[in-house]
Amino acid sequence: MYPVRKLAELQPGQRRRKILLLLAEFERRLVASASPDTERMSDADFLTLCRFAASDPKISAAGKTGIETLSARFAAVSSAAAGSAETETAGKQALRLRLCNAVRNTLLQAAGTFPAEWDLIHPERTAQGSAAYTPQTVSRFFYPGVCVFLEDIRSPFNVGSVFRTAEAFGAERLYVSPGCAPPEHPRARRSAMGCTEYLPWESKTLEELPGNLPFFALETGGTPIADFRFPRQGIAVIGSEELGVSPEALDKAEARVSIPMAGIKASLNVGVAFGILMEAWTRSLRQEAPESAANSASSAAHRL
(Lines give C-alpha, C1' and ligand atoms only; values in the text may rest on other atoms or scores of the structure.)
Protein backbone atom coordinates (compact mmCIF):
# COMPACT_ATOMS: atom_id res chain seq x y z
CA MET A 1 0.00 0.00 0.00
CA TYR A 2 1.19 3.53 -0.79
CA PRO A 3 3.06 5.05 2.23
CA VAL A 4 0.67 7.59 3.75
CA ARG A 5 3.52 9.89 4.77
CA LYS A 6 4.35 10.48 1.09
CA LEU A 7 1.00 12.22 0.55
CA ALA A 8 2.64 15.42 1.83
CA GLU A 9 4.86 15.45 -1.26
CA LEU A 10 1.94 15.53 -3.70
CA GLN A 11 0.07 18.49 -5.17
CA PRO A 12 -3.51 18.91 -3.84
CA GLY A 13 -5.16 17.44 -6.95
CA GLN A 14 -2.80 14.45 -7.06
CA ARG A 15 -3.16 13.96 -3.32
CA ARG A 16 -6.96 13.93 -3.60
CA ARG A 17 -6.88 11.29 -6.33
CA LYS A 18 -4.39 9.15 -4.41
CA ILE A 19 -6.46 9.36 -1.20
CA LEU A 20 -9.58 8.34 -3.12
CA LEU A 21 -7.79 5.29 -4.54
CA LEU A 22 -6.44 4.31 -1.12
CA LEU A 23 -9.80 4.75 0.59
CA ALA A 24 -11.71 2.82 -2.08
CA GLU A 25 -9.40 -0.16 -1.70
CA PHE A 26 -9.38 0.12 2.10
CA GLU A 27 -13.18 0.31 2.23
CA ARG A 28 -13.56 -2.73 0.00
CA ARG A 29 -11.30 -4.71 2.31
CA LEU A 30 -13.29 -3.59 5.34
CA VAL A 31 -16.61 -4.53 3.77
CA ALA A 32 -15.38 -7.82 2.34
CA SER A 33 -14.48 -9.31 5.69
CA ALA A 34 -15.68 -8.91 9.25
CA SER A 35 -12.48 -10.47 10.53
CA PRO A 36 -10.24 -8.18 12.63
CA ASP A 37 -7.27 -9.89 10.98
CA THR A 38 -8.08 -8.44 7.56
CA GLU A 39 -5.06 -6.61 6.19
CA ARG A 40 -5.56 -2.89 6.68
CA MET A 41 -3.59 0.25 7.32
CA SER A 42 -2.79 1.12 10.92
CA ASP A 43 -5.08 3.42 12.90
CA ALA A 44 -2.34 6.06 12.93
CA ASP A 45 -1.94 5.96 9.14
CA PHE A 46 -5.71 5.98 8.69
CA LEU A 47 -6.10 9.09 10.83
CA THR A 48 -3.21 10.77 9.01
CA LEU A 49 -4.92 10.07 5.71
CA CYS A 50 -8.17 11.56 7.08
CA ARG A 51 -6.29 14.70 8.17
CA PHE A 52 -4.87 15.11 4.68
CA ALA A 53 -8.40 14.78 3.32
CA ALA A 54 -9.75 17.40 5.72
CA SER A 55 -7.05 19.84 4.54
CA ASP A 56 -8.12 19.56 0.89
CA PRO A 57 -8.78 23.14 -0.30
CA LYS A 58 -11.85 22.11 -2.31
CA ILE A 59 -13.94 20.46 0.36
CA SER A 60 -16.74 22.46 1.97
CA ALA A 61 -16.71 23.70 5.55
CA ALA A 62 -19.42 21.19 6.40
CA GLY A 63 -17.37 18.39 4.83
CA LYS A 64 -14.29 19.41 6.79
CA THR A 65 -16.26 19.54 10.05
CA GLY A 66 -17.81 16.14 9.40
CA ILE A 67 -14.43 14.52 8.76
CA GLU A 68 -12.86 16.13 11.82
CA THR A 69 -15.76 15.12 14.08
CA LEU A 70 -15.69 11.48 12.98
CA SER A 71 -11.88 11.43 13.12
CA ALA A 72 -11.93 12.67 16.71
CA ARG A 73 -14.44 9.97 17.68
CA PHE A 74 -12.38 7.28 16.00
CA ALA A 75 -9.14 8.55 17.60
CA ALA A 76 -10.77 8.37 21.04
CA VAL A 77 -12.04 4.83 20.47
CA SER A 78 -8.66 3.75 19.08
CA SER A 79 -6.81 5.26 22.04
CA ALA A 80 -9.15 3.62 24.57
CA ALA A 81 -8.78 0.22 22.89
CA ALA A 82 -5.00 0.42 22.61
CA GLY A 83 -4.45 -0.56 26.23
CA SER A 84 -6.87 -3.47 26.24
CA ALA A 85 -6.41 -7.03 25.07
CA GLU A 86 -9.28 -6.71 22.59
CA THR A 87 -8.18 -3.89 20.30
CA GLU A 88 -10.87 -4.52 17.67
CA THR A 89 -14.56 -4.28 18.52
CA ALA A 90 -17.68 -4.21 16.40
CA GLY A 91 -18.20 -0.57 17.37
CA LYS A 92 -14.70 0.42 16.34
CA GLN A 93 -14.99 -1.50 13.08
CA ALA A 94 -18.30 0.20 12.26
CA LEU A 95 -16.87 3.64 13.09
CA ARG A 96 -13.78 2.99 10.96
CA LEU A 97 -15.95 2.02 8.00
CA ARG A 98 -18.27 5.03 8.44
CA LEU A 99 -15.31 7.42 8.63
CA CYS A 100 -13.71 5.84 5.58
CA ASN A 101 -16.96 6.14 3.62
CA ALA A 102 -17.58 9.73 4.73
CA VAL A 103 -14.09 10.88 3.75
CA ARG A 104 -14.23 9.15 0.37
CA ASN A 105 -17.60 10.61 -0.58
CA THR A 106 -16.67 14.09 0.68
CA LEU A 107 -13.61 14.04 -1.58
CA LEU A 108 -15.69 12.80 -4.51
CA GLN A 109 -18.01 15.77 -4.07
CA ALA A 110 -15.03 18.13 -3.84
CA ALA A 111 -13.76 16.71 -7.13
CA GLY A 112 -17.20 17.19 -8.71
CA THR A 113 -17.63 13.45 -9.19
CA PHE A 114 -20.94 12.33 -7.76
CA PRO A 115 -21.10 8.53 -7.81
CA ALA A 116 -23.99 6.60 -9.26
CA GLU A 117 -25.49 4.02 -6.93
CA TRP A 118 -23.71 1.18 -8.70
CA ASP A 119 -20.36 2.84 -7.86
CA LEU A 120 -21.01 2.62 -4.12
CA ILE A 121 -19.52 -0.10 -1.96
CA HIS A 122 -22.05 -2.94 -1.81
CA PRO A 123 -21.45 -5.57 0.88
CA GLU A 124 -21.42 -9.13 -0.39
CA ARG A 125 -23.60 -11.48 1.60
CA THR A 126 -21.39 -14.13 3.14
CA ALA A 127 -21.92 -17.70 4.16
CA GLN A 128 -20.90 -18.32 7.78
CA GLY A 129 -18.98 -15.04 7.73
CA SER A 130 -16.50 -16.13 5.08
CA ALA A 131 -17.27 -17.53 1.62
CA ALA A 132 -19.40 -15.31 -0.61
CA TYR A 133 -22.64 -16.68 -1.96
CA THR A 134 -22.65 -17.58 -5.63
CA PRO A 135 -25.50 -18.49 -8.01
CA GLN A 136 -24.47 -22.13 -7.51
CA THR A 137 -24.85 -22.07 -3.71
CA VAL A 138 -27.68 -19.65 -2.91
CA SER A 139 -31.26 -20.76 -2.29
CA ARG A 140 -33.51 -17.75 -2.64
CA PHE A 141 -36.94 -17.06 -1.19
CA PHE A 142 -39.61 -16.49 -3.84
CA TYR A 143 -43.36 -16.52 -4.39
CA PRO A 144 -44.17 -19.39 -6.77
CA GLY A 145 -45.79 -18.19 -9.96
CA VAL A 146 -45.03 -14.50 -9.40
CA CYS A 147 -43.50 -13.59 -12.76
CA VAL A 148 -42.80 -10.42 -14.70
CA PHE A 149 -42.62 -9.67 -18.41
CA LEU A 150 -40.43 -6.72 -19.44
CA GLU A 151 -41.73 -5.49 -22.77
CA ASP A 152 -39.34 -3.34 -24.84
CA ILE A 153 -37.70 -1.52 -21.92
CA ARG A 154 -34.87 0.27 -23.71
CA SER A 155 -32.71 1.57 -20.85
CA PRO A 156 -30.18 -0.91 -19.41
CA PHE A 157 -30.40 1.03 -16.14
CA ASN A 158 -34.16 0.43 -15.95
CA VAL A 159 -33.77 -3.26 -16.82
CA GLY A 160 -31.23 -3.68 -14.01
CA SER A 161 -33.43 -1.72 -11.61
CA VAL A 162 -36.40 -4.01 -12.33
CA PHE A 163 -34.21 -7.08 -11.74
CA ARG A 164 -33.06 -5.74 -8.40
CA THR A 165 -36.59 -4.90 -7.26
CA ALA A 166 -38.03 -8.19 -8.52
CA GLU A 167 -35.41 -10.19 -6.62
CA ALA A 168 -35.91 -8.11 -3.46
CA PHE A 169 -39.68 -8.71 -3.40
CA GLY A 170 -39.44 -12.42 -4.24
CA ALA A 171 -40.45 -12.76 -7.89
CA GLU A 172 -39.86 -16.27 -9.16
CA ARG A 173 -38.84 -15.43 -12.73
CA LEU A 174 -38.51 -12.63 -15.28
CA TYR A 175 -39.28 -12.79 -18.98
CA VAL A 176 -37.55 -10.25 -21.20
CA SER A 177 -38.82 -9.34 -24.66
CA PRO A 178 -36.36 -9.29 -27.59
CA GLY A 179 -36.81 -5.51 -27.74
CA CYS A 180 -35.49 -4.96 -24.20
CA ALA A 181 -32.00 -3.84 -23.38
CA PRO A 182 -30.16 -7.10 -22.60
CA PRO A 183 -29.74 -7.98 -18.91
CA GLU A 184 -26.10 -8.84 -19.74
CA HIS A 185 -25.41 -5.20 -20.63
CA PRO A 186 -22.78 -3.77 -18.23
CA ARG A 187 -25.09 -0.95 -17.05
CA ALA A 188 -27.94 -3.40 -16.46
CA ARG A 189 -25.67 -5.69 -14.47
CA ARG A 190 -24.33 -2.81 -12.41
CA SER A 191 -27.72 -1.30 -11.58
CA ALA A 192 -29.07 -4.78 -10.78
CA MET A 193 -26.34 -5.06 -8.10
CA GLY A 194 -25.74 -8.70 -9.01
CA CYS A 195 -29.41 -9.77 -9.19
CA THR A 196 -29.14 -10.76 -12.86
CA GLU A 197 -26.98 -13.63 -11.54
CA TYR A 198 -29.55 -14.84 -8.99
CA LEU A 199 -32.97 -14.22 -10.51
CA PRO A 200 -33.87 -16.66 -13.31
CA TRP A 201 -34.84 -14.99 -16.59
CA GLU A 202 -35.59 -15.94 -20.17
CA SER A 203 -35.90 -14.02 -23.42
CA LYS A 204 -39.46 -14.54 -24.73
CA THR A 205 -41.81 -12.90 -27.18
CA LEU A 206 -45.36 -12.13 -26.06
CA GLU A 207 -46.58 -15.21 -27.90
CA GLU A 208 -44.02 -17.46 -26.19
CA LEU A 209 -45.04 -16.63 -22.61
CA PRO A 210 -46.50 -19.51 -20.56
CA GLY A 211 -50.20 -19.87 -21.22
CA ASN A 212 -51.04 -21.35 -17.82
CA LEU A 213 -50.64 -18.10 -15.87
CA PRO A 214 -53.03 -15.11 -15.84
CA PHE A 215 -51.61 -12.02 -17.49
CA PHE A 216 -52.15 -8.46 -16.24
CA ALA A 217 -50.67 -5.12 -17.26
CA LEU A 218 -49.38 -2.12 -15.33
CA GLU A 219 -50.81 0.73 -17.40
CA THR A 220 -52.90 3.88 -17.11
CA GLY A 221 -56.66 3.65 -17.32
CA GLY A 222 -57.00 0.53 -15.21
CA THR A 223 -58.19 -0.41 -11.74
CA PRO A 224 -56.51 1.71 -9.02
CA ILE A 225 -53.82 -0.38 -7.36
CA ALA A 226 -55.48 -0.13 -3.93
CA ASP A 227 -58.62 -1.76 -5.34
CA PHE A 228 -56.98 -4.27 -7.65
CA ARG A 229 -57.35 -7.95 -6.84
CA PHE A 230 -53.94 -9.45 -7.55
CA PRO A 231 -53.75 -13.08 -8.65
CA ARG A 232 -51.90 -15.55 -6.45
CA GLN A 233 -49.86 -16.49 -9.52
CA GLY A 234 -49.50 -14.56 -12.74
CA ILE A 235 -47.38 -12.54 -15.14
CA ALA A 236 -47.23 -8.77 -14.72
CA VAL A 237 -46.26 -6.93 -17.90
CA ILE A 238 -44.24 -3.73 -17.61
CA GLY A 239 -44.16 -1.69 -20.80
CA SER A 240 -41.68 0.56 -22.56
CA GLU A 241 -40.58 3.88 -21.05
CA GLU A 242 -41.89 5.81 -24.05
CA LEU A 243 -44.93 3.90 -25.29
CA GLY A 244 -46.08 1.84 -22.32
CA VAL A 245 -47.61 -1.61 -22.74
CA SER A 246 -48.25 -2.58 -26.36
CA PRO A 247 -51.82 -2.91 -27.71
CA GLU A 248 -51.13 -6.61 -28.30
CA ALA A 249 -50.17 -7.14 -24.67
CA LEU A 250 -53.17 -5.14 -23.46
CA ASP A 251 -55.45 -7.33 -25.58
CA LYS A 252 -53.94 -10.43 -24.02
CA ALA A 253 -54.14 -9.08 -20.46
CA GLU A 254 -57.04 -10.25 -18.32
CA ALA A 255 -56.83 -7.06 -16.26
CA ARG A 256 -55.14 -3.68 -16.08
CA VAL A 257 -53.84 -2.06 -12.87
CA SER A 258 -52.94 1.61 -12.48
CA ILE A 259 -51.12 3.78 -9.94
CA PRO A 260 -53.15 6.95 -9.20
CA MET A 261 -51.01 10.11 -9.44
CA ALA A 262 -51.78 13.75 -8.68
CA GLY A 263 -48.69 15.65 -9.82
CA ILE A 264 -48.30 17.99 -12.79
CA LYS A 265 -46.30 15.39 -14.73
CA ALA A 266 -48.29 12.40 -13.42
CA SER A 267 -45.39 10.22 -14.51
CA LEU A 268 -43.13 7.72 -12.76
CA ASN A 269 -39.88 6.07 -13.74
CA VAL A 270 -40.59 2.49 -14.80
CA GLY A 271 -38.44 1.09 -11.99
CA VAL A 272 -40.27 3.15 -9.36
CA ALA A 273 -43.69 2.16 -10.75
CA PHE A 274 -42.63 -1.49 -10.76
CA GLY A 275 -41.53 -1.25 -7.12
CA ILE A 276 -44.96 0.07 -6.12
CA LEU A 277 -46.62 -2.78 -8.02
CA MET A 278 -44.46 -5.49 -6.45
CA GLU A 279 -44.98 -4.19 -2.92
CA ALA A 280 -48.76 -4.22 -3.41
CA TRP A 281 -48.77 -7.66 -5.07
CA THR A 282 -46.63 -9.41 -2.46
CA ARG A 283 -48.49 -7.69 0.39
CA SER A 284 -51.74 -9.11 -0.96
CA LEU A 285 -50.17 -12.58 -1.04
CA ARG A 286 -49.02 -12.33 2.57
CA GLN A 287 -52.44 -11.18 3.72
CA GLU A 288 -54.34 -13.82 1.76
CA ALA A 289 -52.41 -16.95 2.72
CA PRO A 290 -49.39 -16.26 4.91
CA GLU A 291 -48.75 -19.94 5.60
CA SER A 292 -48.49 -20.96 1.94
CA ALA A 293 -47.84 -17.78 -0.02
CA ALA A 294 -44.10 -18.22 -0.42
CA ASN A 295 -41.67 -20.95 -1.17
CA SER A 296 -39.35 -21.90 1.66
CA ALA A 297 -35.95 -20.24 1.63
CA SER A 298 -34.40 -23.66 2.05
CA SER A 299 -35.80 -24.94 -1.24
CA ALA A 300 -33.50 -25.87 -4.11
CA ALA A 301 -31.77 -22.94 -5.75
CA HIS A 302 -32.58 -21.85 -9.25
CA ARG A 303 -29.66 -22.45 -11.61
CA LEU A 304 -29.13 -20.02 -14.45
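Which side chains meet in a salt bridge at 3.2 Å, N to O? They are those of glutamate 167 and arginine 140. This is a predicted model, in which local features need pLDDT of at least 70, side-chain atom pairs count only at pLDDT 80 or more, and totals for chains, interfaces and linings use all residues. Residues are numbered from 1 along each chain as its sequence is written, and side-chain values use heavy atoms, with hydrogens and water left out.

**Salt bridges**

- A salt bridge is a side-chain nitrogen of Lys or Arg within 4 Å of a carboxyl oxygen of Asp or Glu, and the count by this rule is eleven.
- Glutamate 167 is buried at 16% relative accessibility, and arginine 140 is buried at 5% (buried means under 20% relative accessible area, exposed over 50%, partly exposed in between, with a 1.4 Å probe and protein chains only).
- A salt bridge also joins the side chains of arginine 173 and glutamate 202 (3.3 Å, N to O).
- Glutamate 202 is partly exposed, at 29% relative accessibility.
- Glutamate 197 and arginine 189 pair through their side chains in another salt bridge (2.7 Å, N to O).
- Both partners are partly exposed: glutamate 197 has a relative accessible area of 29%, and arginine 189 has 38%.

**Cysteines**

- The whole structure holds zero disulfides, a disulfide being a pair of cysteine sulfur atoms within 2.5 Å.
- For cysteine 100, the nearest cysteine sulfur belongs to cysteine 50, 7.4 Å away.
- Cysteine 100 is buried, with a relative accessible area of 0%, and cysteine 195 is buried at 10%.
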